[in-house]
Amino acid sequence: MSIGLIYNQISWEEKSIVEEAKKQGLKIKPFDIRKMYLKIQDGREFSDVDLFLERSLSYTKGLFSTMVLESQGFRVINSTECQEICGNKLKTSVSLNGFGIQQPKTYVAFSCESALEALEKLGYPAILKPLIGSWGRLVAILKDEQSAKAILESREVLGSVFHKVYYLQEFIDSGRDIRVFVIGESVVAAMYRYLIPGDWRSNATIGGKAEACEVTPEIEDLALKAAAATKGEIVGVDLFERNNQLLVNEVNHAPGFRHIVSATGVNIAEKILEYLQTLE
Amino acid sequence: MKGKCPGCFFEFDIVDDVMIGEIIECPDCAIQLEVVEKNNGGIVFEVAHLEEEDWGE
């Protein structure tokens, strides 16, 4: 099997996939998305590639390259449909809700004024998230009406059109969240991510401490349901704990795995490649 | 192979199988560097671009 690896930087994860492929005797062909151009007509390019693993850090470039490669007949993991759902928090919420999956209480509002009305129903503190984005970037905690007004008004003036669609979510104050790594029909690892000292976010990318988490039947069941609801084959499912109940926060379609490997010892790159070989 | 950090000009050894696009930390100034060229003269780095609005995992 020959795997095309789409990337825009070779970070730890992509390097470990390339090294693992060498160990397993698999052909892997890296494609730097910044140097790619793709034809729309006349069928398939890349006769030396069987399927693509999309690992672009850029959501937009990853999504559109996947769309074109799929139109040429390639299998791309994750699919355009999955990337569209997971890359947009509102689409994720709607998809999860359609499958009856528990998630934090969420509202969407389309003006500063309607957002403040929604916040009255949601209660403070609440979280404002951009529809597209990751690593906790531009996510804000709205502690009270005054801080909400200040932040919403600044987005109204300074933000792009996407920043003026207000995705508002209840704040879950559990001190940690759980990242669950799903490959195909299996949960392969899970870790707790603790709040960053002096912050209210837990993203390992911005310094949250990571620790192995036992995969209970409840965690496994919910993560697999969330992956299915978002059409994900290789995804990171983020869970919150609230009063012994698990809630799905987000599903990530190009999940990093450096921290979960170091917390759990699970060889994620090996498992990704084993899964891709089952798709032949 | 050798490469020079464009930030602090420290020259250091890199493993031969380093890939174009790979992110390396300068062992001297700890800045994140991206490998942009491999040739007989060694490795060429640029300071890595580490975040854009739609970047994430």
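A crossover is right-handed if, with the strands pointing away from the viewer, the path from the first strand over the helix to the second runs clockwise. Strand 3, helix 2 and strand 4 of chain A make a right-handed β-α-β unit in this sense. Helices (H or I, at least four residues) and strands (E, at least two) are DSSP runs, numbered from the N terminus.

The model is predicted: local features need pLDDT of at least 70, side-chain atom pairs count only at pLDDT 80 or more, and totals for chains, interfaces and linings use all residues. Residues are numbered from 1 along each chain as its sequence is written, while chains are lettered from A and ligands numbered from 1 in the order in which they are written.

## The sheet of chain A

Two strands count as paired if DSSP finds at least two bridges between them. In chain A, 4 strands form an open sheet in the order 2-1-3-4, with parallel pairing. Strand 2 and strand 4 of chain A are the edge strands, each pairing on one side only. From one strand to the next the twist averages 25°; such angles run from 0 to 180 degrees between N-to-C directions, and axes are lines fitted to C-alpha atoms, for helices over the stretch in contact. Helix 1 of chain A packs on this sheet and touches strand 1 and strand 2 of chain A. The direction of helix 1 of chain A makes about 165° with that of strand 1 of chain A. Residues are in contact if their C-beta atoms, placed from the backbone, lie within 7 Å.

Strand 1 (residues 2–7) and strand 3 (residues 51–54) of chain A run parallel and are joined by 4 bridges. Across this pair, Ile3(A) stands opposite Leu51(A), and Leu5(A) is opposite Leu53(A). Strand 3 of chain A also pairs with strand 4 (residues 75–77) of chain A, in the parallel sense over 3 bridges. Here Leu51(A) is opposite Arg75(A).

## Helix pairs in chain A

| Helix pair (chain A) | Axes come within | Crossing angle |
|---|---|---|
| Helix 1 and helix 9 (residues 268–278) | 9 Å | roughly 60° |
| Helix 5 (residues 112–122) and helix 6 (residues 145–158) | 10 Å | roughly 150° |

Angles under 35 degrees count as roughly parallel, over 145 as roughly antiparallel, 65 to 115 as roughly perpendicular and the rest as oblique. Helix 1 and helix 9 of chain A are therefore oblique to each other, and helix 5 and helix 6 of chain A are therefore roughly antiparallel. A crossing is left-handed if the near helix is turned anticlockwise from the far one by less than a right angle, and right-handed if clockwise. The crossing of helix 1 and helix 9 of chain A is right-handed.

Helix 1 of chain A contributes Ser16(A), Ile17(A), Glu20(A), Ala21(A) and Gln24(A) to its contact with helix 9 of chain A, which brings Ala269(A), Glu270(A), Ile272(A) and Leu273(A). By class, this contact has 5 nonpolar, 2 polar and 2 charged residues. Ala, Val, Leu, Ile, Met, Phe, Trp, Tyr, Cys and Pro count as nonpolar, Asp, Glu, Lys and Arg as charged, and the others, Gly among them, as polar.

Helix 5 of chain A passes helix 6 of chain A in a right-handed crossing. The contact is made by Cys112(A), Ala115(A), Leu116(A) and Leu119(A) of helix 5 of chain A, and by Glu145(A), Ala148(A), Lys149(A), Leu152(A), Glu153(A) and Glu156(A) of helix 6 of chain A. It has 6 nonpolar, no polar and 4 charged residues.

## Chain B

Chain B has 0 helices and 5 strands, and its C-alpha trace spans about 35 × 20 × 15 Å along its principal axes. Strand 3 (residues 23–25) and strand 4 (residues 32–39) of chain B pair in the antiparallel sense over 3 bridges, with Gln32(B) as the bridge partner of Glu25(B). The hairpin of these strands has 6 residues between them, and in it Ala30(B) takes a positive phi near 70°. Strand 4 of chain B also runs antiparallel to strand 5 (residues 42–47) of chain B, joined by 6 bridges. In this pair Asn39(B) stands opposite Gly42(B), and a hairpin joins the two strands through 2 residues.

## Contact between the chains

The contact takes 21 residues from chain A and 13 residues from chain B. On the side of chain A that touches chain B, helix 1 (12–24), strand 2 (27–32) and helix 2 (59–71) of chain A each supply at least two residues. The residues of that side divide into 10 nonpolar, 9 polar and 2 charged.

Definitions and conventions
Two residues are in contact if their C-beta atoms, placed from the backbone, lie within 7 Å.
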